[in-house]
Amino acid sequence: MGRDRNVCIVGYAQTPVKKFIKATFLDLAARVSIEAIRSSGLSKKEIQGLLITQEGFGNFVNAQLFAPRLAGHMRLETKFLGTFECGGMSAAVAVKMAATEIMTGRLDTCLVIGVELKPELLGDPAFDYTSLADRSAGTYGPIESLSNLRGPLPFYAMSQQRWMMDHQIHPRDIAPLPVLLRKNATKNPMAQFRDPIGLEDVLNSRMVCPPIRLFECCPQSEGAAAVVLASHDVAKALGGKRISIRGHGEAHDSTHYFPDRGDGGRFPCVERAAREAYENAGVSLKDLDVAEVYGAFAGIELMNYEEMGFFKRGQAPGAVQEGKTALDGEFPINPSGGRLSLGHPPGATPLLELIEVCNQLRGEAQERQVGEPVLGLIQAEHGMINGSVVLILEREE
Amino acid sequence: MITTESQALWRAIKKNSDKMLYRFFEEGLAQRKLLIIRCGSCDTFHFPPRSFCPDCLTEDVELVEHPGKGKVYAFTSMADQSSGGKPITYAMVDLEGVEGRIFTMVEAAYEEMSIGMEVEAGYLEKEDMVIPCFKPV
């Protein structure tokens with residue numbers, strides 16, 4: 001975002017990631033926001049914008065006007081307000097929007113919130129099934145809905161099948177990733193899964209949707225996170241360690257879920273978003289010290305590594321196996337435990353990635369700390385990776 | 001075997017898909033036909049049928065029947081919770097001569113499937129709906 005007009009992350013907070021969090025949307029969003037504002041050192045009156053993701057992926061109850069309701073709930077007066085929805089990358093888009101508003105000079109500060117709570121069934125089939133069908137047809141498409149599709153997993157599985165075929169990748173090559181992510185998560189008190197697992201646990205877990213096994217899947221989690229962005233001047237006045245957004249990239253393919261043409265074993269948008277981010281930040285891959293990558297399934301996460309150029313095509317599994325992406329490796333990826341073990345509340349996930357990278361850059365990741373990183377990357381996506389955002393964060397000296 | 005619960009679900013899906021964009025596709029299904037569009041402007045074929053050409057965005061399109069032949073591009077299988085966990089085989093099928101793949105159920109066990117395998121359109125009836133379900137040639 002340009003060295004002269006950079007935007008800083010001055011405060012953040014998150015909930016632990018869990019299967020269920022007992023809270024209402026408004027209260028959870030408000031509480032995590034209050035914590036983030038407090039950590040920034042700013043007062044409530046100094047918050048000039050509020051952006052939030054939709055009320056959890058696939059929620060359909062009271063889904064309108066969430067941001068204004070939250071502003072009313074917190075009695076927050078702003079100059080910029082909105083709810084951003086673009087699947088799993090919603091919160092990353094919101095961060096980018098907030099940063100852009102700050103860069104134009106219109107705002108000095110902005111709060112971005114991501115919340116994920118599961119939809120609550122009401123027990124009335126007429127309502128619940130209509131909602132389920134709405135969600136299925138509305139999210140994936142009516143033809144897909146006709147074929148009894150209830151989630152995106154078959155798309156991911158078929159894409160991974162193409163990638164495995166193209167590069168002669170064996171299930172045994174993928175299994176080390178869930179094991180590594182779990183190992184990282186044992187050191188993260190916020191993570192949903194913290195019991196160590198071994199290769200055999202992954203390889204013997206239930207086949208859910210071939211070639212994807214249960215332990216290669218992320219859980220469907222609940223959680224919330226908030227970050228406070230501010231102009232460089234405001235951040236400087238606040239003092240303390242400064243993390244700035246050094247660059248960004250965003251790209252979307254002309255497809256929705258499984259590509260209807262072209263190579264189904266590739267995610268071109270991830271490659272394009274990453275390339276733009278590297279150019280925009282003026283950095284090369286070898287300058288990066290740590291990354292948090294969006295991978296809802298182990299194989300898909302490895303495919304993302306390759307699209308961003310971390311490793312050559314077909315070589316991400318080998319790199320993970322050699323320990324290159326471990327906490328003490330040459331390029332640690334997903335020190336938080338990633339989507340598989342930290343857990344995956346899509347509405348909040350991009351912010352959780354951003355918070356992990358901030359913790360790492362500030363040297364505050366405790367047992368998970370990966371040396372003294374200066375540059376970190378986060379990546380988020382929507383659909384079956386039909387679009388992607390890449391942000392590059394920097395610790396300022 | 002369709003349970004009462006899944007009947008409610010299918011009715012909801014039907015009601016929903018009626019509202020959605022792919023009216024032409026639905027009309028074709030009712031006649032056991034796979035409808036696609038041919039663009040008169042850029043001379044391309046597309047699936048699913050739309051009221052315009054997704055490449056050149058002109059409305060110079062006509063509905064034509066596709067012979068229903070294609071090749072499996074990728075496949076998988078997943079348990080169907082609404083029918084007691086019975087696995088459903090899914091595939092992306094490259095439709096012959098068309099810019100477009102169809103996501104479909106396939107009337108074959110996962111173990112019988114292979115990439116590149118030739119399949120043809122078939123149809124299942126659920127409630128008052130006709131649903132595409134391809135089968136090996």
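**Conventions.** I worked on a predicted model, in which local features need pLDDT of at least 70, side-chain atom pairs count only at pLDDT 80 or more, and totals for chains, interfaces and linings use all residues. I number residues from 1 along each chain as its sequence is written, with chains lettered from A and ligands numbered from 1 in the order in which they are written.

**Chain B.** I looked up the contacts in chain B with a separation of 6 or more and found that residues 24 or more positions apart account for 44% of them. I listed 2 helices and 9 strands in this chain, taking helices (H or I, at least four residues) and strands (E, at least two) as DSSP runs numbered from the N terminus. From the N terminus on, I read their order as α-α-β-β-β-β-β-β-β-β-β.

**Confidence.** For the model I noted ipTM 0.92 and pTM 0.94. I then checked pLDDT (the predictor's confidence in each residue, from 0 to 100), which averages 84 in chain B, with 82% of the residues scoring at least 70.

**A helix pair in chain A.** I looked at helix α6 (residues 153-166) and helix α12 (residues 298-307) of chain A, which pack at an angle of about 55° with their axes 9 Å apart; axes are lines fitted to C-alpha atoms, for helices over the stretch in contact, and angles run from 0 to 180 degrees between N-to-C directions. I therefore recorded α6(A) and α12(A) as oblique to each other, since angles under 35 degrees count as roughly parallel, over 145 as roughly antiparallel, 65 to 115 as roughly perpendicular and the rest as oblique. On the α6(A) side I found A:Tyr156, A:Gln160 and A:Trp163, which meet A:Gly299, A:Ile300 and A:Met303 in α12(A).

**A:Ile378.** I placed A:Ile378 in strand β10 (residues 375-382) of chain A, and I noted that A:Ile378 is buried, with 28 other C-beta atoms within 10 Å. Leaving out residues up to four places away in sequence, I found that A:Ile378 touches A:Glu292, A:Pro350, A:Glu353, A:Leu354, A:Val357 and A:Leu391.

Definitions and conventions. Two residues are in contact if their C-beta atoms, placed from the backbone, lie within 7 Å. A residue is buried if 20 or more other C-beta atoms lie within 10 Å of its own, exposed if 12 or fewer, and partly exposed in between; C-beta atoms are placed from the backbone.
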